[in-house]
Amino acid sequence: MPVTNFSFQEKYQYQNGFDSYFESEAVPGALPVGHNSPQKPPLGLYAEKLSGTAFTAPRHENKQSWLYRILPACSHPPFMPLASTNISSPEKKLHYIPNQLRWDPFDHLPDTDFVSGLRLLAGAGDPTLKQGLGIYVFAAGVSMSPQSAFYSADGDLLIVAQEGVLDIRTELGWLLVRPMEICVIPRGVRYQVHLPSGPARGYALELYQGHFSLPELGPIGSNGLANARDFQAPVASFTEDHSEEGNGENAKKYTITAKFNNTLFQTTQPHTPFDVVAWHGTYYPYKYDLGRFNTIGSVSFDHPDPSIFTVLSAPSSVPGTAVADFVIFPPRWLVGEDTFRPPWYHRNTMSEFMGLICGAYDAKKGGSGGFVPGGASLHNVMSGHGPDMESYEGARNAELKPAKVGGGSCAFMFESCLMVGVTEWALDKCDKVQTEYSEHSWGGLKVHWKGGQEE
Ligand SMILES: O=C(O)Cc1cc(O)ccc1O
Ligand SMILES: [Fe+2]
């Protein structure tokens, strides 16, 4: 069945909730009742377990789903490595440098699909040890073939759509991800990215360890920031297409691309991987509309730490310390009295990768050579940064009436406790590094000190 044959209702009837136990069946009766693996699962389906944590992970962290499908995922010929890809070997070498970095918007790539348009920009750790993360930009000009699927064994992928719509078909159902929306595709889940409205571009973070959770709310109380009910998981949706020829020469081919230790492998199989008729469990892809974020801030004075804007957090083993926080800077009211309202100057033990989805960021000038949508910046461990000269002078002299910042804009940050290295592509080949970034931002900062006298 061509992918266009699914109705909007069939594709986008989401189940709402974060970290919930969900179940969904595209055909009534496909889910076994009171049983996970009956001798003969209903409707002649195969039962397949997909685990996202060790079987023995504590109950509150345990993530796994049962899939009831026409053929199990194991039914394919061996994977073969793909010769050279953008993700493959040369990009594995990371450069660790203390300089502040900023990139012009990354190019749209008219001929690539989501997989071939993924570029590793920076990272830390190692997927073989299940430690660390990878930071990507992607650009796609064409949809993935309806006879293809991609999965990553390396980690959960958080995708930030910046331009263009991603219509993502996963084994567990469909997710429509528009700019100002994000989604998370868990490790191992097979998916296919379609572009219903033309070229797409965005950012992604691959989490080699653990999973994203909602941040603690502490004294904020029981609601606020990203509310659990606003996360949306897909409903089961399947295609029936399995060649009677088995793996023979005339069999119809579905290409499965696997990302395994940052190297791509491929196999072809005679049956669609999108044959999951029903599923239940806690391990599933989900999306979230950033417009639903309940932004909280200071209503008295001083600029709070950006952790107040955390949407999702992937904890390390150190309490309160994230391997990756996904933080946004949405439109909000600033009312602080006697306060320098933009971010303060700082050096951070965490590394900060930032991107801009739309509009402008209040600490940096936009326009050519500035921080612009589709571009990015990296302030690594202890790399000093803060508002550029223009933003500083503007905020220093601003009248402190209540002001809405960031109207129609949204920046975001991937913040990590790890020092991140930058790829050759990011530093050189992409040709987007703003070589004058630091000089233009902070080289002209004025001295306001008047020998100890008040101004
Ligand atoms: O550097 C940045 O622009 C991100 C940031 C924002 C903020 O409000 C406080 C600290 C911080 O690192
Ligand atoms: Fe910062």
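Trainee: Where is the place of T295?
Mentor: This is a predicted model, with residues numbered from 1 along each chain as written, chains lettered from A, and ligands numbered from 1 in the order written. Local features need pLDDT of at least 70 and side-chain atom pairs count only at pLDDT 80 or more, while totals for chains, interfaces and linings use all residues. Strands (E, at least two residues) and helices (H or I, at least four) are DSSP runs numbered from the N terminus. T295 belongs to the loop between β21 and β22.

Trainee: Does T295 count as buried, exposed or partly exposed, and why?
Mentor: Buried means that 20 or more other C-beta atoms, placed from the backbone, lie within 10 Å of a residue's own; exposed means 12 or fewer, and partly exposed is in between. T295 has 15 C-beta neighbours inside 10 Å, so T295 counts as partly exposed.

Trainee: Which residues is T295 in contact with, leaving aside its neighbours within four places in sequence?
Mentor: Contact requires C-beta atoms, placed from the backbone, within 7 Å of each other. P273 is 22 residues from T295 in sequence, but 39 Å away in space, C-alpha to C-alpha. With neighbours within four places set aside, the contacts of T295 are F309, P330 and R332.

Trainee: How many nonpolar, polar and charged residues are in the shell around ligand 1?
Mentor: A residue is near a molecule if its C-beta atom, placed from the backbone, lies within 6 Å of it. Among the residues surrounding ligand 1 are H303, H346, H379 and H385. Ala, Val, Leu, Ile, Met, Phe, Trp, Tyr, Cys and Pro count as nonpolar, Asp, Glu, Lys and Arg as charged, and the others, Gly among them, as polar. The shell divides into 4 nonpolar, 5 polar and 1 charged.

Trainee: Where does UniProt place the feature "binding site"?
Mentor: One of the positions is in the loop between β25 (351-358) and β26 (376-379), and is Y361; with 26 other C-beta atoms within 10 Å, Y361 is buried. Another, H385, lies in the loop between β26 and α2 (389-397). H385 is buried because 24 other C-beta atoms lie within 10 Å. The unreviewed UniProt entry gives H346, Y361 and H385.

Trainee: Which element gives the most to the side of domain 1 that touches domain 2?
Mentor: The domain assignment, automatic or from a database, gives domain 1 (3-81 + 142-198 + 226-289) and domain 2 (290-443). In the contact between them, 13 residues of domain 1 meet 14 residues of domain 2. The elements that give two or more residues to this side of domain 1 are β11 (156-163), β14 (181-185) and β21. With 4 residues, the most is given by β11.

Trainee: Which residues of the largest nonpolar core touch the most other members?
Mentor: A nonpolar core is a set of buried Ala, Val, Leu, Ile, Met, Phe, Trp, Tyr and Cys residues joined through C-beta atoms within 7 Å. The core has 106 residues, and those touching the most other members are Y68, L158, I159 and F412.

Trainee: Why does this core lie between domain 1 and domain 2?
Mentor: The core lies between the domains because residues come to it from both. The two contributors are domain 1 and domain 2.

Key: Contact = placed C-beta atoms within 7 Å. UniProt positions renumbered as here; feature names shortened; annotations may be inferred.
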